[in-house]
Amino acid sequence: MKRAAIVLTTGFEEIEAIAPMDILRRVGVEVDIVGVSANVATGSHDLTISTDKELLAVKKELYDIVILPGGMPGAKLLKDHQEVQDFVKLHYDAGKLIAANCAAPIAIENSGALKNRNYTCYPGFEKQINDGTYTGDFVHQDGRVITGSGPAAAFEFSYTIVEALGIDAAPLREAMGYHRLVQQGV
């Protein structure tokens, strides 16, 4: 069974955490919601989520993918938290997938994940990233790195993660009605 860690801290963007959690669980991926320093995290819009595990308890575990939602001040707190940086780097160095949406690409740069890669992020945050090439895409995958451009990209970002894990996302896209959005050009 594939395993994913979604890392949360104060000020995360709620939909960018919940969409991948929900979509990955629907396709049978084991998802751990990992709290940076507590067993709960409060998002940037005051939604509080109970976490499954604390980062210190899993800091040496390897997941198939580490996912960082954006949101402020969450993305900056993830970037400035040394254990988060070590956790992302451990996974990147081990050849695992790294995914960051919205402002969170600022929190994966120190791992080397963006070096010589194309990425996207919430417009304006590319100015805080020195490595890689900003594309401005809605969602972008470059090898083992998946990035998204913000809350509206949460579903496409999540389906891209599903595909990167080697799981066909098409049946779920249809079951959730997402294919209708794409067909209508919404």
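Analyst: Let's start at a spot just after helix H5, where Gly 166 adopts a positive phi of about 85°. Helices (H or I, at least four residues) and strands (E, at least two) are DSSP runs, numbered from the N terminus. Before going on, note that this is a predicted model, where local features need pLDDT of at least 70 and side-chain atom pairs count only at pLDDT 80 or more, while totals for chains, interfaces and linings use all residues. Residues are numbered from 1 along each chain as its sequence is written, and side-chain values use heavy atoms, with hydrogens and water left out.

User: What does Glu 156 form a salt bridge with?

Analyst: General idea first: side chains of opposite charge can pair when their charged atoms come close. The cut-off for a salt bridge is a side-chain nitrogen of Lys or Arg within 4 Å of a carboxyl oxygen of Asp or Glu. Glu 156 has Arg 173 as its partner, with the closest N and O atoms 3.0 Å apart. Since Glu 156 sits in H5 and Arg 173 in helix H6 (residues 170-175), the pair ties together parts 17 residues apart in sequence. Glu 156 counts as buried, at 19% relative accessibility.

User: How many salt bridges does the structure hold, and which residues are linked in a network?

Analyst: There are ten salt bridges, and the network links Arg 3, Glu 30, Asp 32, Lys 53 and Glu 61. Take Glu 61 and Arg 3, whose side chains meet at 2.7 Å, N to O. Glu 61 is in the loop between H2 and E6 and Arg 3 is in strand E1, so this pair connects parts 58 residues apart in sequence. Then there's Lys 53 with Asp 32, at 3.2 Å between the closest N and O atoms. Lys 53 is partly exposed, with a relative accessible area of 29%, whereas Asp 32 is buried at 6%.

User: How do I read the sheet, and what is the order of its strands?

Analyst: Strands of a sheet pair through backbone hydrogen bonds, either parallel or antiparallel. Here, two strands count as paired if DSSP finds at least two bridges between them. You're looking at an open sheet of seven strands in the order E5-E2-E1-E6-E7-E11-E10, with mixed pairing. Its edge strands are E5 (53-54) and E10, each pairing on one side only. E1 and E6 run parallel, joined by three bridges, and Ala 5 stands opposite Val 66 in E6.

User: What happens around E11, and is E10 parallel or antiparallel to it?

Analyst: E10 (residues 139-142) runs antiparallel to E11, with four bridges between them.

User: Last one: which residues have the most contacts inside the largest nonpolar core?

Analyst: In soluble globular proteins, nonpolar side chains tend to be buried together. A nonpolar core is a set of buried Ala, Val, Leu, Ile, Met, Phe, Trp, Tyr and Cys residues joined through side-chain atoms within 4.5 Å. The largest one has 29 residues, and Val 7, Leu 68, Phe 87 and Ile 108 have the most contacts inside it. Helix H4 (82-93) is one of the elements that each supply at least two residues, and H4 gives the most, with four. Contact means heavy atoms within 4.5 Å, and Phe 87 touches residues including Ala 5, Val 7, Leu 55 and Val 66. A second, separate core of 28 residues includes Val 31, Ala 41, Ile 65 and Ile 161.

Note on methods:
Buried < 20%, exposed > 50% of the residue type's maximum accessible area, 1.4 Å probe, protein only. Lists of a residue's contacts leave out its neighbours within four places in sequence.
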